[in-house]
Amino acid sequence: MEQTPRCEDMARYVVARDIYSEDKFNEDHAKIYRQRKTIRNHVAEYFRCDRRRVQSAALSLLPVISWLKIYRLKEWLLSDIVSGISTGLVAVLQGLAYCLLASLPPWYGLFSAFFPVIIYFFLGTSRHISVGPFPVLCLMIGSVVTRIVPDEGPAMNITGLGGLTRDEQRVIVACSVSFLAGIMQLAMGLFQVGFVVMYLSETLVSGFTTAAAVHILVSQLKFVLGLTVPGISGPFALIYTLEIIFNKITSTNVCDVVIALVIMVVVFIVKELNDRYKSKLPVPIPIEVIMTVIACGVSYAFDFKAKYGIEVVGLIPKGYEPPMAPNLQIFQETAVEAFPMAIVGFAVAFSVAKVYSIKHDYTIDGNQELIAFGVSNIFGASFKSFAASTALSRSAVQESTGGKTQIAGLLSAVIVMVVTLAIGFLLEPLPKSVLGAVVIVNLKGMLMQVTEVPYLWRRDTPDCVVWIGTCVASILLGLDLGLAVGLGIELLSVVLRTQFPRCSVLANIKGTDIYKDRKDYLNILEPEGVKIFRIPSPIFFANIEFFRNKLVEALGFSPLRVLRKRNKALRKIRRLLKRGELQCTPKGYLNSSCEPYSDLEEESSAEDLDLPTDLKDLPIRIDWSAELPANIRVPRVDLHSLVLDFAAVSFLDISALKGLKTALRELIRIEVEVYIVACDPYILEKLHSCGFFDDEVTPSMFFLTLHDAMLHILQRHPEAIQSKSNLNTVRFPRRD
């Protein structure tokens, strides 16, 4: 290649080479033939064991080793300590608050902010996320808990729940479903299926978390208003809950409402100030912790529980409870709900971890993250904590306060442990309305995602439909069914986009080797008798008929109809010649009969009419573009060459191969030359291996680039460009 600058702001390139078909290119350029690995080779390599592989496996299973080796003690330790203390204080408060979403006694949230963090420290690949309770996950656990152990009436008949209090039964249910979700995450990680999170697009997750925020908001109204509302699960649970709240609105505890409003206003204002002045503040003001301490002190001093009848956190037992085994019968009852918990918990944590890994320039491993969260949830559930993920606000605190590694996370767990073992009793007078208010204020980020809808509607309507469909379904049907509906809508949108791609007819930009949609540009060149058709998607069983219909629409005629008309005309001509009603002259066939041609005179099977036109026994060749004798009418075809641009075709299935071959045969049989350009080498290999080629459809129709094919066509049909010269301004001359 030779570059020749022509002016200061533009460079030009000139290339001189042969016109390459795929066959000619392979003749001139030696190709490396690589031996493909068989399943047996892959299995043998997977189970191969040597020193380097063992070392690599140890580092991948224990990522803590990798970053501990590069830990900068003097530079990072102080930042991690400050971050760990700040995150720990927030984790204590959020653990108590989010535990209410799971319909469990508040102190179990402290367990969830401790045990999973310890395991993730050793197994996780992210250095910045804060592991622990996540409101959406807590709400999903709460729906399972209230379904099996409702607020009113007996619990479901499950072995192992008899003789226990309602809180104890609910803890067993929450821990068992968390254990099962952990097993699912661990299994997915071991089987290297971390890619499943790719099916949850940002749009789907945004719609889902917005709906979850609405559910969380409604679930906290009973604490903010001081009402007794039974937990409801299943489709339309949110509507039924609102109905109960509105029916009991006259029983609202004014003290709870005032406390909640004060907390929400103050926390909201200070959080906005934290965001606005984050560059000037050394650490964000821990306003939730400050207000919680103040609320605890005021509640204790004025005895809110006795005087105003507000509900408080109550007794927080010191220490940890002994480990327990999960209930296998609960596994059977909750398997359907556990799977979306496993997916959502991992998807949210992975998306947050990915943001911080890009920001701080290190890599994370999706499969190892699955293993880390799986083991964390299994271990934590054994010690009566519920499923963990990461809360966005808590992770933001850990990162913004200077956290460099998971040592900050470990120190936050130490703070939680101190509260659990020593000073938890100080939180006993804390009103639950304070926790509800803190939860509601922290929903701002998720609720504000609704502002994305107008943007999505303007920029990408199918994505907007996915967002709205996921959000509405999750609000009305519940989070588990809503996620399934959203995933179905998302996959349907992908299928429809692939099934109905935007095919286009291309034209040459004059003086270049560039081809664009002819509808988009003015200065274009379309050689006569040539059509360039672009397919911008894979071709498979679901869109092969659409592709063929669009091709017919672009051509302006049906090749099959033309072929059948020509075969009928040939039979008529043969019959007239046999009767002597047609004579051969130097100018063509001369009709000596006035008999009009009618299709009704012919009785032929469609299969015979679909065969190639046979001109061997005719005395002279028929010019199908000229007027035919005996008033025989056949659709005129002004096209001599069709180019199919396969640059965007990534795969073909067997149904598409058959449909494509049928379409090519129909075109070839009516004397239209077909060329396929920019075809992927693996598709070409598949065509050869599937017996695609025969006497009619040959490998010679495949060309390396679109411009190669066009120059080849102009060599064969120079008349196509005589009236519109310019295409050869940029040409690849043939070598002598």
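Accessible areas in this account come from the Shrake-Rupley method with a 1.4 Å probe, and for residues only the protein chains shown count as cover. On that basis the protein chain exposes about 37100 Å², of which carbon and sulfur atoms supply 60%. The structure is a predicted model, in which local features need pLDDT of at least 70 and side-chain atom pairs count only at pLDDT 80 or more, while totals for chains, interfaces and linings use all residues. Residues are numbered from 1 along each chain as its sequence is written, and side-chain values use heavy atoms, with hydrogens and water left out.

The overall form comes first. The secondary structure of the protein chain comes to 29 helices and 13 strands, where helices (H or I, at least four residues) and strands (E, at least two) are DSSP runs numbered from the N terminus. The radius of gyration of the protein chain is 36 Å, well over the 27 Å that the globule rule gives for 736 residues, so the chain is more spread out than a compact globule; this radius is taken over C-alpha atoms, and the rule is 2.2 Å times the number of residues to the power 0.38. Along its principal axes, the C-alpha trace spans about 120 × 60 × 55 Å. Of the 736 residues, 49% count as buried, a class that means under 20% relative accessible area, with exposed meaning over 50% and partly exposed lying in between (1.4 Å probe, protein chains only). Among contacts (heavy atoms within 4.5 Å) between residues at least 6 apart in sequence, 80% join residues at least 24 apart.

The interior can be followed through its nonpolar cores, each a set of buried Ala, Val, Leu, Ile, Met, Phe, Trp, Tyr and Cys residues joined through side-chain atoms within 4.5 Å. The largest has 117 residues, and those with the most contacts inside it are Ile129, Val136 and Ile141. Helix H15 (residues 328-360) contributes the largest share of this core, 15 residues. A second, separate core of 39 residues includes Phe547, Leu667, Cys679 and Phe693. Returning to Ile141, and leaving aside neighbours within four places in sequence, this residue is in contact with Ala102, Ala174, Val177, Ser178, Met341, Phe386 and Ala387.

Leu77 lies in helix H5 (residues 73-101) and, at 32% relative accessibility, counts as partly exposed.

Asn442 lies in the loop between helix H19 (432-441) and helix H20 (444-447), and counts as buried at 17% relative accessibility. Not counting residues up to four places away in sequence, Asn442 touches Gln94, Tyr98, Lys271, Glu288 and Ser393. Pro538, in the loop between strand E8 (530-534) and helix H24 (544-555), is also buried, with a relative accessible area of 16%. Beyond its neighbours within four places in sequence, Pro538 is in contact with Thr498, Asn543, Ala648, Val649, Ser650 and Phe651.

Side chains of opposite charge can pair when their charged atoms come close. With a salt bridge taken as a side-chain nitrogen of Lys or Arg within 4 Å of a carboxyl oxygen of Asp or Glu, the count comes to 23 salt bridges. In one of them, the side chains of Asp151 and Arg170 meet at 2.4 Å, N to O. Asp151 lies in the loop between helix H8 (135-148) and helix H9 (166-190) and Arg170 in helix H9, so the pair ties together parts that are 19 residues apart in sequence. Asp151 counts as partly exposed at 23% relative accessibility, whereas Arg170, at 6%, counts as buried.

Lys444 forms a salt bridge with Glu272, the closest N and O atoms being 2.4 Å apart. Since Lys444 lies in helix H20 and Glu272 in helix H12 (residues 254-276), this pair ties together parts that are 172 residues apart in sequence. Arg669 and Glu696 meet in a further salt bridge (2.8 Å, N to O), and Lys661, Arg665, Arg669, Asp694 and Glu696 are linked in a network of salt bridges.
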